[in-house]
Amino acid sequence: MFRQPITSTVRKSSLSSLASFAFFPRAAARCSQTSRSISALYPCHRKPITSKISFTLIQQQLPRFRSRKFTSSARSHYGFGNQPYRRFNNPRGQPFIWRLLGNAKPHHFVIIGLGISGLYIYNTETVEMTGRRRFNCISSEQELQMGNQSYKEVLGSSHGKILPESHPTTVLVKRVLDRLIPQAPIVGANWRVHVIKDDGMVNAFVLPGGKVFVYTGILPVCEDEDGLAAVLGHEIAHVVARHPAERMSNSLLTIGAVFLISAMFDISGQIPSLLLNLMYSLPNSRTQEAEADDMGLMMMSKACYNPEAAARLWSRMKRLEKEAPPQFMSTHPSSYNREEAIRDRLHKAQDAYEQSGCDSIQTYMPGFRQANGNFGWSF
Ligand SMILES: [Zn+2]
């Protein structure tokens, strides 16, 4: 599934920073010596992007542990005569959250616990097509807004590389999409197809709201329209199941936990940035990927595309991943045997194919399958 450009930049920055750290420990050591700030965790020349959201506002609001020089004498520092220094004797020196917890009564914890649980349950919903329960606190309208924002950004970054609507490749991709759309119940979708001329980019994605982007680099991997239907079916399924909203909701939970950890334990501000970097570097969850595989397979089968093409597509993707990992695979982890899982579901997909009357379409329209299978991509 596609992520917004800024997110992918964060991920790249995070990974390259961590990689630089792993391969150049001496450089990292020098950084640590020269800087006590957050950059100590990263190479000197590169600040992590998430440091921009390094909780400055929170840090300004919350009292921090006061930095002081080490001394063996509490008297010299605080001047309290013979009274020994004890760190927690001074409540004003503790972070706000600890002072808050210290003054709280047991029933306060019960009320907060019930409130958080209620909020979580209130925002729990069922994925209509699979029956899976999940947490989602992002509304369809908010998700659509984010999709529209991403759409503008991608159009801007792809300026001059988008093939015209009348181009044969764009027409063909639109034809595949038009057959899949009736199987994709997305309220308020405004479907549009853009084919980006970039033979080195093996990628395709669909944004909330129905904006479809296909890079020419993925077309040879698809081989034919059935393969392309497998890719688009998978990507459309992510949007139908509202996986972007689910991912954003889980991110908000993580950010909330990070804020809490920061307020309770973190002194330097490094823990939140590190956790956020890790969060952004994570690929789609295996659950979401398996769900998109399942839904996409059923969509393409009902649209009269050969479901076996999906298994063959992921087999080719796996081979390609070993040679040179394509962009598409960076967000589609092969942490489980995707091809085998799809083959296990093929009988169900074949049933859907037959129930949709696809066999009769082939009988009455003999040129139908040939047109699908023998198309020569022309860019
Ligand atoms: Zn996916």
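**A chat about helix 10 and its surroundings**

Guide: Helix 10 (residues 225–240) has 16 residues and reaches 21 Å from its first C-alpha to its last. That is close to the 22 Å expected at 1.5 Å a residue, where the expected span is 1.5 Å times one less than the number of residues. Helices here are DSSP runs of H or I with at least four residues, strands are E runs of at least two, and both are numbered from the N terminus.

Visitor: What kind of model is it, and how are residues numbered?
Guide: This is a predicted model: local features need pLDDT of at least 70, side-chain atom pairs count only at pLDDT 80 or more, and totals for chains, interfaces and linings use all residues. Residues are numbered from 1 along each chain as its sequence is written.

Visitor: How many residues of helix 10 are buried?
Guide: 16 of its 16. Buried means 20 or more other C-beta atoms within 10 Å of the residue's own; exposed means 12 or fewer, partly exposed lies in between, and C-beta atoms are placed from the backbone.

Visitor: Which residues touch the most other members of the largest nonpolar core?
Guide: Among them are Ala229, Leu232 and Ile236. The core has 50 residues, and its largest share, 9 residues, comes from helix 10. A nonpolar core is a set of buried Ala, Val, Leu, Ile, Met, Phe, Trp, Tyr and Cys residues joined through C-beta atoms within 7 Å.

Visitor: What does Ala229 touch?
Guide: Val176, Leu180, Met300, Ala303 and Tyr305, leaving out residues up to four places away in sequence. Contact means C-beta atoms, placed from the backbone, within 7 Å.

Visitor: What comes just after helix 10?
Guide: Arg242, with a positive phi of about 55°. Arg242 sits in the loop between helix 10 and helix 11 (243–264).

Visitor: Is Arg242 buried or exposed?
Guide: Arg242 is buried, because 21 other C-beta atoms lie within 10 Å. Arg242 touches Asn136 and Glu143, again not counting residues up to four places away in sequence.

Visitor: New topic. Which residues of helix 7 are buried?
Guide: Glu143, Leu144, Gly147, Ser150 and Val154 are. Seen down the axis of helix 7, the buried residues fall within an arc of 125°, so they line one face. The arc is that of the directions from the helix axis to the C-beta atoms.

Visitor: And which exposed residues are on the face turned away?
Guide: Glu141, Gln149, Lys152 and Gly156.

Definitions and conventions
Contact = placed C-beta atoms within 7 Å.
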